[in-house]
Amino acid sequence: MKISRFKKSHKTLAFFATHFDYREPYQVLIDATFCQAALQHKIGIDEQIKKYFQCNVKLLTTQCVILEAEAVGAPLLGALSIVKQFYVHKCGHEGKPVAAAQCLKSMTKDNRYIVATQDRLLQASLRKVPGRCLLYLHKATPVLEAPSDASKKWVQKKAKKLMLGQHEQKIEYMKEKQGLKPAEPVKPKKVKGPKNPNPLSCKKSKKANKPSLQQVEQTTQLKTKRKRIKIPEHVKAALGSK
């Protein structure tokens, strides 16, 4: 493979690895149209793809792809024999098969697959979604398609948000360094009032015992009984002479 082709493929892989978490071994989903093109140009898919990527790859297909090729019949018999050589990945449509294109689109929703197809409609649909990676055959040569406009715009938008956040942080740092950042308002301290006395430490005041009604009556009777006895004058004189 020419150096320029290797550089292009390596650059594309690096883009998807950096921004969309593609990792080795790269998983390549292959459909019957890709196998049919390989058969027409008499190339071995396994050999050519591994030579093209020059890294660890896993070649996969799905049950829906195989069943669709079987349903087409004679025109795809050769492609069917090739696609059956790859590992059949679980697609979630077991028992309820769907069209191959629909199956491959659903497979790429939450996972990182390189889709190898010659289906123009499927290619156009995947290009509209950020992070989708396409592989196709140009005559007998595998070509890893450059990132689509949707993927590039998504990356640019993400980078712009990141730069804006970093710019705001830098401005705040410079303001604080130069003393331009407004000081935070000081919260007024709460004035503490006198604390209530501890009820356990307080002694109960002794209340004066009020006299009962019976005691008042007895006191009144004693006062009435106490009468002054008048002493005659001659008795007082006699007592004074003694």
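Visitor: Which two strands form a hairpin, and how many residues lie between them?

Guide: In this predicted model, the hairpin is formed by β5 and β6, with two residues between them. Lys139 sits in the turn and has a positive phi of about 60 degrees. The two strands run antiparallel and are joined by four bridges. One of the pairs involves Leu135, whose bridge partner in β6 is Leu144.

Visitor: In what order do the strands of the sheet follow one another?

Guide: Strands of a sheet pair through backbone hydrogen bonds, in either the parallel or the antiparallel sense. Here six strands make an open sheet of mixed pairing, in the order β3-β2-β1-β4-β5-β6. Its edges are β3 (87-89) and β6 (141-144), each of which pairs on one side only. On average, neighbouring strands are turned by 35 degrees against each other, direction ignored.

Visitor: How many bridges join β1 to β4, and in which sense do these strands run?

Guide: Strand β1 (residues 26-30) and strand β4 (residues 113-116) run parallel, joined by four bridges. Leu29, for example, has Val115 of β4 as its bridge partner. Val115 is in turn the bridge partner of Leu134 in β5. The pairing of β4 with β5 is also in the parallel sense, over three bridges.

Visitor: Which residues have the most contacts inside the largest nonpolar core?

Guide: They are Ile30, Ile45, Ile49, Phe53, Ile114 and Leu135, in a core of 51 residues. Leaving aside neighbours within four places in sequence, the contacts of Ile30 include Ile45, Ile49, Leu59, Phe86 and Ala116. Cys35 is another residue in contact with Ile30.

Visitor: Which residues of helix α2 are buried, and against what do they pack?

Guide: In α2 (residues 32-40), the buried residues are Ala32, Phe34, Cys35, Gln36, Ala37 and Ala38. They pack against β1, α3, α4 (63-72), α5 (77-83), β4 and β5. Just after this helix, Lys42 takes a positive phi of about 55 degrees.

Conventions
Residues are numbered from 1 along each chain as its sequence is written. This is a predicted model: local features need pLDDT of at least 70, side-chain atom pairs count only at pLDDT 80 or more; totals for chains, interfaces and linings use all residues. Side-chain values use heavy atoms; hydrogens and water are left out. Two strands pair if DSSP finds at least two bridges between them. Axes are lines fitted to C-alpha atoms, for helices over the stretch in contact, and angles run from 0 to 180 degrees between N-to-C directions. A nonpolar core is a set of buried Ala, Val, Leu, Ile, Met, Phe, Trp, Tyr and Cys residues joined through side-chain atoms within 4.5 Å. Buried means under 20% relative accessible area, exposed over 50%, partly exposed in between (1.4 Å probe, protein chains only). Contact means heavy atoms within 4.5 Å.
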